[in-house]
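I opened this entry to log what I looked up. The model comes up first, then my notes.

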Amino acid sequence: MRKLWDNKVSRRKLLGGAAATGAALPVLHEVVPHRDLHGGTSAAQAAVEHHRQAHRGSGHLGAMGRVDARANGFDPHVIVRDFDEGTLRGGVREWDIVAQDREIEVAPGVKYAAWAYNGRVPGPTLRARQGERLRINFTNGSNHPHTIHFHGIHRDVMDGVPGVGAGNIAAGESTVYEFDAEPFGLHLYHCHSTPLAEHIAKGLYGAFIIDPEDGRPDADELVMVMNGFDTNFDRTNEVYAVNTVAFAYMDKPIRVKRGELVRIYLVNLLEFDFVNSFHIHANFFDYYPTGTRLEPRDFTDTVIQGQGERGILELRFPYTGKYMFHAHVSEFAELGWMGFFEVVD
Ligand code: CU
Ligand code: CU
């Protein structure tokens, strides 16, 4: 264990060195040796430690045990293909969104006191078409003030930040955000109350897709929100995932058809770590950063995203079989961010 922790500290020191040499990096948070924080004997700490040890250097791939999707109230295998188009009322596309305090299980035995939009982490994948009028009825059912801040082009009073427009929405209060769906692409929404990193890291975020006026070619569409969980409040993540549950797609791969166009809406909502990445094995994909242009920028097998960055991946699998995908930040992969596609005929 000691050696692994030392490696981690070195990694952060290395990043610190980059900042000191003038690279445009934000101020690093304090380097905290984790072993000092794992002295607690709570069941949660024990589960986290078990999770870390199980996935570090043991060669074991996948979760020890299962996360109960029914207890969580959401299932990563449903979320991955779940797009919420809201309701059209009088020419306006409308959603009702409620923020709630909710305990969720992010890895077997690892509980996390999340804040969730509509009971799930990530929140619903909101989907609209370019130019539509959108209305979001937001109710704060949590015990803390929250907002919804949407990425996109709109007036300041609809931006969901404290101090402008409705600003912070207090516990039990409601507000309405209304704006046009611009520009087309893949965006995100998240709480913007302070402290900002915590309000995001607690789970108040989701993908926000604006389809181009003429749509995109037919495809098997997937949404992958890359996230992580700081289970001991040291501003470092102990669990990493796509769509919240560590190793969910290792235990049960995402099934796709050979030769069919697969489109992945990939969003990075990870806090506390500067970058995240997506890597596909034995294949390449077209990459459309932010999805705001209809021509791909890259044809590659690995893409790096900073915080809040997102992009659309398009690929076809030429062969049947099991193909791994994971963060090419190996540490994240070992702590939950890896999975399989199962390609069938
Ligand atoms: Cu919040
Ligand atoms: Cu943002």
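**Sheet**

I began with one residue pair: Met-226 stands opposite Val-242 in β11. The model is predicted, so I note the limits: local features need pLDDT of at least 70, side-chain atom pairs count only at pLDDT 80 or more, and totals for chains, interfaces and linings use all residues. Residues are numbered from 1 along each chain as its sequence is written, chains are lettered from A and ligands numbered from 1 in the order in which they are written, and side-chain values use heavy atoms, without hydrogens and water.

I checked the strands next (DSSP runs of E, at least two residues; helices are H or I, at least four; both numbered from the N terminus). Strand β10 (residues 220-229) pairs with β11 in the antiparallel sense over four bridges. Pairing here requires at least two DSSP bridges between two strands. I then followed the open sheet: six strands, order β11-β10-β13-β18-β15-β16, mixed pairing. β11 (239-242) and β16 (298-300) stand at the edges with a single partner strand each, so one side of each has no neighbour in the sheet.

**Copper sites**

Which residues coordinate the copper ion (ligand 1)? I found His-146 (ND1), Cys-191 (SG) and His-199 (ND1), at 1.9 to 2.1 Å. Donors are N, O and S atoms within 2.8 Å of the metal (3.2 Å for Na, K and Ca); water is not among the atoms, so sites may look incomplete. The spacing of these donor residues in sequence is H-x44-C-x7-H. Cys-191 and His-199 are both buried (under 20% relative accessible area; exposed is over 50%, partly exposed in between; 1.4 Å probe, protein chains only).

His-151 sits in the loop between β6 (149-150) and β7 (174-180), and His-190 in strand β8 (residues 185-190), so the pair ties together parts 39 residues apart in sequence. I read 21% relative accessibility for His-151, which counts as partly exposed. His-190, at 7%, counts as buried.

**Largest pocket**

I looked up the space last. The largest pocket holds about 230 Å³. A pocket is an open set of points on a 1 Å grid over the protein atoms alone, where a 1.4 Å probe fits, with protein on both sides within 12 Å along at least five of seven lines; lining residues have an atom within 4 Å of a point. Volume is the space filled by probe spheres set on the points, which are joined across faces, edges and corners. The lining has 15 residues, with Arg-66, Val-67, Asp-75, His-77 and Ala-248 nearest the centre.
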